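This report describes selected features of the structure shown below.

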Amino acid sequence: MRVVSLVPSLTEAVAVSLPGVLAGATDWCSHPADLAVPRVGGTKNPKLDRVLALAPDLVIANEEENREPDLDALREAGVEVLVTEVRDVPQAFRELDRVLEACGTVSRPRWLDEAETAWSRLPDTGPRLTAVVPIWRRPWMVLGRDTFAGDVLARLGVDHLWSAHPERYPRVPVEELRAAAPDVVVLPDEPYRFTADDGPEAFPGLRCALVSGRHLTWYGPSLAQAPRVLAEVLRAARR
């Protein structure tokens, strides 16, 4: 089995669970840290000629991260494409099972069992918080409805204020975000890389929590640590 992954979190899941199966990955596939496979461009602009040159038996993709025209072109070239949809934590586990089975796993990896256990025994996070969760600036964009990251936060006691917006990632002026007066502004380091020097200064007087984007938005082996890692940061923001 030869697999090309166009999704960073799925790349990590396959690489850890099925060594030797992964034949290629995107430039953004940063885990495992020692991943040594040919690169095929970005998630939104993969080099289809590079993908096809690797002669994959299967390409794994995601309906949000990858563009349908690229996936259609691969199908037209005779490549099987598996497309995942992940909008909440339970769906992440179902899709991971489906992907790993399609890639040839014969037994469920231990990390996946550990991740499900971690999410079934969540740490006590105290009173619920309201939040805004920017994912980009210039222009400012935040989590809206029906997102995996939003479900992750909700399970950890954080209700983001644009969860009922008709768009999944609405553009919202920063003045409006500040005026919403959330308990905390959650700033992940991807897709936009918010840092202590780039992000919090836009929200004077509000508490900000800098969080790992991998633990907030990836569905793969990081799911096993995500509840603890995120809860620790959010707990600090409550003080």
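## The parallel sheet

Two strands are taken as paired if DSSP finds at least two bridges between them. The model is predicted. In this model, strand β9 (residues 184-188) is joined to β10 by four bridges, and the two strands run parallel. Two bridges link β5 to β9, again with a parallel course. The open sheet to which these strands belong has four strands in the order β8-β5-β9-β10, with parallel pairing. Its edges are formed by β8 (158-160) and β10 (208-211); each has a single partner strand, so one side of each is left without a neighbour in the sheet. On average, and with direction ignored, neighbouring strands of the sheet are turned by 40° against each other.

Ala131 stands opposite Val184 in β9. Further along, Val185 stands opposite Cys208 in β10, and the bridge partner of Val186 is Ala209, also in β10.

Strand β9 is largely enclosed by the rest of the structure, because five of its five residues are buried. In a regular strand the side chains alternate between the two faces of the sheet. Val184, Val186 and Pro188 point one way from β9, whereas Val185 and Leu187 point the other way; all of them are buried.

Helix α9 (residues 226-238) lies across β5 (129-132), β8, β9 and β10. The helix runs at about 165° to β10.

## Packing of α1 against α4

Two packed helices are described by the angle between their axes and the distance between the axes. For helix α1 (residues 8-17) and helix α4 (residues 89-102), the angle is about 50° and the axes are 11 Å apart. Angles under 35 degrees count as roughly parallel and those of 65 to 115 as roughly perpendicular; α1 and α4 are therefore oblique to each other. The crossing of α1 past α4 is right-handed.

On the α1 side, the contact involves Leu10, Ala13, Val14 and Ser17, which meet Leu96, Val99 and Leu100 in α4. An α-helix has 3.6 residues a turn, so residues three or four places apart point the same way. Helix α1 is mostly covered, with nine of its 10 residues buried. The buried residues of α1 are Pro8, Ser9, Leu10, Thr11, Glu12, Ala13, Val14, Ala15 and Ser17.

## Cysteines

A disulfide is a covalent bond between the sulfur atoms of two cysteines. With a cut-off of 2.5 Å between cysteine sulfur atoms, the count of disulfides comes to zero. Cys29 is in no disulfide, and the nearest cysteine sulfur, that of Cys103, is 13 Å away.

Cys29 has a relative accessible area of 3% and is buried. Cys208, by contrast, is partly exposed, with a relative accessible area of 26%. Cys208 is also the residue of β10 that stands opposite Val185.

## Leu161 and its surroundings

Leu161 is located in the loop between β8 and α7 (174-179). Its relative accessibility of 39% places Leu161 in the partly exposed class. When neighbours within four places in sequence are left aside, Leu161 is in contact with Thr130, Ala131, Val132, Ala180 and Pro182. One of these, Ala131, is the residue opposite Val184 in the sheet. Leu161 and Val142 are separated by 19 residues in sequence, and their C-alpha atoms are 9.6 Å apart.

## Cis peptide bonds and positive phi values

A cis peptide bond joins His31 and Pro32, with omega of about -5°. Pro32 is found in the loop between β2 (22-25) and α2 (48-53). The peptide bond from Glu190 to Pro191 is also cis, with omega near 5°, and Pro191 lies in the loop between β9 and β10.

Asp146, although not a glycine, has a positive phi of about 55°. Asp146 is placed in the loop between β7 (141-142) and α6 (148-155), and at 37% relative accessibility it counts as partly exposed. Ala181 is another residue other than glycine with a positive phi, near 50°. The position of Ala181 is in the loop between α7 and β9.

Definitions and conventions
Residues are numbered from 1 along each chain as its sequence is written. This is a predicted model: local features need pLDDT of at least 70, side-chain atom pairs count only at pLDDT 80 or more; totals for chains, interfaces and linings use all residues. Side-chain values use heavy atoms; hydrogens and water are left out. Axes are lines fitted to C-alpha atoms, for helices over the stretch in contact, and angles run from 0 to 180 degrees between N-to-C directions. Contact means heavy atoms within 4.5 Å. Buried means under 20% relative accessible area, exposed over 50%, partly exposed in between (1.4 Å probe, protein chains only). Angles under 35 degrees count as roughly parallel, over 145 as roughly antiparallel, 65 to 115 as roughly perpendicular and the rest as oblique. A crossing is left-handed if the near helix is turned anticlockwise from the far one by less than a right angle, and right-handed if clockwise.
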